[in-house]
Each structure stands twice: as structure tokens, then as C-alpha cells.
Amino acid sequence: MIHLFFIFALLLCFLPLLPGMVGLLLPSLSWIPTLGFDSVSISAFYDVATWPNLSASIALSLSTGLGSTVLALFFTYTILKRYWGTSRWPKLERTLSPMLAMPHVAFAIGFSLLFSPTGWVFRLIGALGISDVAGIDLIQNNLIQDNYGIGLMLALAIKETPFLIIMSIPVLKQLNVEQLSKVSASLGYSHLETWRKVIMPQWLPKLRLPLFAVAAYGLSVVDIALILGPTRPATLSVLVWQWFNDPDLQQLPRAAAGACLLLFITAASLGSIRLVEWFCFNHQRGWITNGAKVVKHAKRKPMRHLALYSPFIAIPVLIVPLLFVWSFAHRWRFPDLLPSRYSERFWLQELPTLTNLIGTSLLLAFVSSALALILVIACLEYRQKFQRALPAWLIAIPLVTPQLSLLFGIQIVTYLIPGQHYWLWVSWSHLIFVFPYMYLALDGAWRSYDVRLDQCSRSLGLTAWQTWWRVKRTQVQPAIIFGLAIGISVSLAQYLPTQMLGAGRISTLTTEAVALASGQDRRVMAIYGLLQGILPFIFFTLAIVANRLSYRWRHYRQYSLQNTHISNKSKEYTHG
């Protein structure tokens, strides 16, 4: 049975990637027989190459995507260097899950309402009377949909930093930073040199896959770029998305060629990141091996609070109440800090639509996450039993491949299947992107599980299923519950899969939030952004509560069994 589940996971999650690539390449070569394109041609690539301001769009994509990746990596390294192993680290670690729970679209909507020229930040600046300070006007007009993509780059960097931090935790635990620090200190290395010359060369290569995922997302992001990014010209991913939505189907080869160009730029960028890593850590190793510098370093003053990490806490924390206030605001003039009039009219107006959207979003999330959970557990059990795992590069493909390029080819393939199965295609596309995240979330729990517990259980007469349910499940259950919350949050945040494979017929909170963020009423936009941000947070909270209750129940049962055993022994001794 486990063989069938393993094969089913390969067929369902990874087999479509090959026809997806074929479905992208053939239309880019102008071969779409159903539309009358019967001969191979490179005219679509010529149309893309001669498009006005194409070089500016590519430059914007590279600057915002790679710039946000470098910033997020710098923020991550600085925060880890300062707080890892200190008394403040547990407090910082507890804030990571709620911050990861907020979807990118909800964060982008809140970021736009926070830093727009009439946003809360500049209202506060006006109230404090410092609006005349040099540089305030420049910042005020260059954060939201600015021509250089500065706001988009900062928003991506702030949102991705917690993800890189949480991905660094198992890596640093494996490296045993405390022991490395002690050995380095005995050799004369300062704290800064230890992290720069000893820890970073070992930490960064192990963070390669998460870093690639962050870079690929930044280079090919569409939903956040539509909300925060420049418009004239737009980033390459938004430009290709506009081509794809062109009502003239004769322009479809141009969209496919643009998607191929986006895929090539992403692959070249990831290769460049790998080349820089090799050059710094392998080819030019002198800065690592030249030993400690004999410099009198000033004694580090202990930081009393999480000052370096404060922006990554403050911005997401401010976004939720800001969206809540905007959803009830009826009149809010600039530069007032709070609305002068409130009204629930907008909630009542959107309530019937919201009910249907929430139901569709949750149903898609539950179906795709439950199926992904079953397939992930089957693959992990297959690896443990037969020592054959899914290749890391296969799991990484949905993470590091631009969604726009991948989904374009898959959508072309679905056109060859008769019937309008839009709900099936959307749930399937969600599964493709939920599976890798859930696999990574559960992988650590299965690797740390002691298989000798299974051997002991089987020797006591338990069957394989009884062993898994009574012994192994209790050990990996926290990871399963948390992985399920991750899968649901990933599904709720999917924009392109829902739009492309749903052909606009499947609407969710995310698709409506992006559509309303394009210039509709801020109050309605805040309602959709608020709900889109709260739903994943609810599931992460439920996961934490469920794990705590399960832990307490398990200890209560053990305590009850021990008391029962002691009571029985006492009775035997008394009667004896």
C-alpha cells in the first residue's frame, strides 16, 4: 500500500511539471494548433525583445527581487549574530510563527495603508510636527508604487526575514554554535569574527534552498507587485501577467515567450547566487583562513530589548489594527490619526460575498492540505522503510520555479482535457505548492524519530499500524498539526494558481483582495485584507493550542496510569 501512495505522490505532484514545461515551450515557439499556429517560429521572442521599456522591466525585477533577497539575508544574519544563544532569543523565536502566518497579500495591503502618502506613519509624523524635516517628503512619495520599486523591495525583505530566520534554526542547532563559539574564543576570535569566519561559511550553504526560494519568489512575484510595485514600467512578472490576460488569444505566444524569459532570468539569478557563494567560500578563502585579528575590541554592551528585531515585529503588529480601523472608517481626513466617523455599512455590504469566498477558500485549503498531508506522511514512511527518499531537487522545483512560468504550461495542458473542471484544477494546483512546504515541515520530525521505538513495539506484539498509531503518532503529532497549519496558510495565500487554472471562475479571499487593492475603496480593501490575514493566524493559534492540550492530556494519562499502578500494588501488599 505504501508503494502505491509513494507512486501516487510522484504522479500527482511532480509528473505535471514535465508537461508543464513542454506546454510553456511549444506556445512560445508559436505552435498552438487549436489557435491556428501550425508552424514553429521565434516571432514571439522577437515581439518580446522589441517591447518598449522591456529592459527597464527586467532591471526592476532584478533590483527588487535580488535586492530584497540580499536585504533579508543581511537582516537574518545580523539578528542571528546578535540574539542567538542569548536570554532574548526564546522571546524572539515565539514571534516567528504569527509573523509567518500573515499572507503576503494581507501584508502588502497593510503595508500600503501604513506607508502610503496619507498612511498612518505620515499621519503620526504630521501630528508630531516633524513633517518639515529634510527627506520626509522624499520618503513619503517613494514607498508605494514608486518608479524604483523601493517599497516593494523593503516589503519583500521584511516579510521574508522571519522565514529565513526560522529556516536557520535547525541549521544552527546542527552546527552547535555554542561549542563553535567557545573553540573560536580560545583561539582569539572575537564574537564578530566567530560569526563571520566560522559560523557563516557553514550556515549559508545549508540555507541555500530557502534562500533560492526567497530569491525566486522576489523575482517572479505578481500579487505583491500589483499592490506595491511600480506601474510605468511594471516589473517583468507583472508585464507577463498583463500579456497573459490580453483578450486577444493571438497574443498568447508572446505571453509564453515572456514566461520563458522570466524563467531564464530566474535560473540565471539563482546560478549567479550560487557562483557568488562558491567564489567567496571556496575560491577566495583567504578572509576565512587568515586567523584572528589582534585588535582590542570594545566590550559589547548587552542589548536590553529586541531593538534590531523591532521593525519586523512592529510593522506586522500595526497592520492588523490598521486594517481593522480602516474597515470601519466612514470619514478619515488627513492628517487625523483616527477617523472622525465610523460605520459598519461596508461590512454589511460585503457580508454575503464574504461568506461564499471564505467557504471556497477554506474548502480548497482543507482539501489540498489534507491530501498533501497523507502523501507527505506516505513518502516519509517510504523513505524510513526502504531508504529511498524523494530527490531534494524534485521537491525544490515548485519552490524555486516562477509560478507564472510553471502554471502557464500546466494550464495549456489542461486545455487538452475536455470539460470544465476548474475546481479540480485549482485544488490540484494548490496541492503542487502545498506539498513541498508540508514536506519540509514534517521532514525534521521523521529524521529525529528513534526507529528503535518501533522495534520495541513490534517485539511486544503490536502490529505495524498499532505501532504507528500508538507510538510514532504521539511523537510526531506536534509536527503534523503544525505542518497542517502551514499547508492551510500556504493554500489560502495562493493567487496565481487560483486565477490561472480557475480561469477567473473560482474566487477566493486572496484573488478578491488583490483585485480590490488595485484602486477600489480602501474600506472594502481593508476588510478583505483583514480576513485574509486573520484566517491563517487562527489556524496557527489552533495548532499551538491543540499541541499544548495534547501534551497535557498525554501527561495526565501517564500520571493516572502511574497512580493506578501504585494503588494496585498497595492493595496487593495489604491483602498479602
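Student: Which rings link up with Trp241 into a cluster?
Tutor: Phe244, Phe408 and Tyr495 join Trp241 in a cluster held by ring pairs. Rings of Phe, Tyr and Trp (its six-membered ring) pair if their centres lie within 6.5 Å; planes under 30 degrees apart count as stacked, over 60 as edge-to-face and the rest as tilted. Keep in mind this is a predicted model, where local features need pLDDT of at least 70, side-chain atom pairs count only at pLDDT 80 or more, and totals for chains, interfaces and linings use all residues. Residues are numbered from 1 along each chain as its sequence is written, and side-chain values use heavy atoms, with hydrogens and water left out.

Student: How many aromatic pairs by that rule?
Tutor: The count is 22 aromatic pairs.

Student: And charges over rings: what sits over Trp469?
Tutor: That's the charged end of Arg473, 4.1 Å from the ring centre. The rule wants NZ of Lys or CZ of Arg within 6 Å of the ring centre and within 35 degrees of the ring normal. Arg82 does it too, over the ring of Tyr83, at 5.9 Å from the centre.

Student: Switching to cysteines, how many disulfides?
Tutor: Zero disulfides, taking one as a pair of cysteine sulfur atoms within 2.5 Å.

Student: Is Cys379 buried or exposed?
Tutor: Cys379 is buried, at 2% relative accessible area. Buried means under 20%, exposed over 50%, partly exposed in between (1.4 Å probe, protein chains only). Cys456, at 45%, is partly exposed.

Student: What about Ile397, how does its accessibility class come out?
Tutor: Partly exposed, because its relative accessibility is 23%.
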